[in-house]
Amino acid sequence: MFCLHCTKKLLDRIKPEIAEPGQSDTALGNWYATVMFWKPQVALLVSERTLLPVLMPLAPAATLARRFPAQLALVLKEHVVPSEFIAQEVWQMDKVQYAKTANRSVVGILNEFVKQAEFWLAAYAYEKGDDEDLLAISAKLAETPCSPLYKGPVSPDKALHELVKAGSQA
């Protein structure tokens with residue numbers, strides 16, 4: 001089970017049943033999500049634990065949480081994460097619990113990533129709805145230094161690799 005904290009904009013689109021926020025069973029922890037009103041629309045999801053960003057097509061919005069583990073697997077593969085870690089993470093994402101946003105730092109990172117995604121889109125002439133381009137932008141965003149991580153690995157990609165390394169030693 002994983003907890004998906006959605007912005008009001010996204011909650012208005014998918015209209016899920018909202019629960020009291022719990023703690024995800026996954027190594028990457030709870031996820032935060034918002035909608036980007038590109039054409040076609042895109043969802044941006046960020047891991048609360050590592051701030052790892054994942055961009056994916058929003059449509060059909062009602063199936064976002066069901067489609068998310070497969071997109072996360074692609075992003076993790078892009079970051080050369082071991083297949084055992086990916087399989088375990090995806091396996092534990094069998095159920096979703098929707099909640100309102102609760103961590104303002106992560107919401108701030110979401111907003112910053114939205115701005116940066118616009119930059120990468122323009123700088124590299126990526127296509128807004130192209131899956132491979134969304135994967136490339138996700139990887140670029142993961143290299144961004146994020147202040148909530150300054151006490152540790154500094155950027156989401158480094159935080160991800162540190163988490164995976166710690167998990168494999170446990």
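Author: Strand β2 is covered on both faces: W31, A33 and V35 on one side, and Y32, T34 and M36 on the other, are all buried, where buried means under 20% relative accessible area, exposed over 50% and partly exposed in between, with a 1.4 Å probe and protein chains only. In a regular strand the side chains alternate between the two faces of the sheet. Six of the six residues of β2 are buried, so β2 is largely enclosed by the rest of the structure. Strands are DSSP runs of E with at least two residues, helices are runs of H or I with at least four, and both are numbered from the N terminus.

The model is a predicted one, in which local features need pLDDT of at least 70 and side-chain atom pairs count only at pLDDT 80 or more, whereas totals for chains, interfaces and linings use all residues. Residues are numbered from 1 along each chain as its sequence is written, and side-chain values use heavy atoms, with hydrogens and water left out.

β2 belongs to an open sheet of five strands with mixed pairing, in the order β4-β3-β2-β1-β5; two strands pair if DSSP finds at least two bridges between them. The edge strands, each pairing on one side only, are β4 (53-57) and β5 (96-100). From one strand to the next the twist averages 30°; such angles run from 0 to 180 degrees between N-to-C directions, and axes are lines fitted to C-alpha atoms, for helices over the stretch in contact.

On one side, β2 runs parallel to strand β1 (residues 2-6), to which three bridges join it; here L4 stands opposite W31. On the other pairing, six bridges join β2 to β3 in the antiparallel sense, and V46 in β3 is the bridge partner of Y32. β2 and β3 form a hairpin with five residues between them. Strand β3 (residues 42-47) in turn pairs with β4 over five bridges, again antiparallel, with L45 opposite V54.

Two helices lie against these strands. Helix α4 (residues 104-123) lies across β2 (31-36), β3 and β4, and runs at about 40° to β2. Helix α5 (residues 131-141) packs on the sheet, touching β3 and β4, and its direction makes about 165° with that of β4; contact means heavy atoms within 4.5 Å. The buried residues of α5 are D133, L134, L135, I137, S138, A139 and L141, and these pack against β3, β4, α2 and α4.

The axes of α2 and α5 come within 10 Å and cross at roughly 55°. That makes α2 oblique to α5, because angles under 35 degrees count as roughly parallel, over 145 as roughly antiparallel, 65 to 115 as roughly perpendicular and the rest as oblique. In this contact Q71, L74, V75 and E78 in α2 meet L135, S138 and A139 in α5. By class, the contact has four nonpolar, two polar and one charged residues, counting Ala, Val, Leu, Ile, Met, Phe, Trp, Tyr, Cys and Pro as nonpolar, Asp, Glu, Lys and Arg as charged, and the others, Gly among them, as polar.

Helix α2 (residues 64-78) also meets helix α3 (residues 83-91), the axes coming within 10 Å and crossing at roughly 160°. That makes α2 roughly antiparallel to α3.
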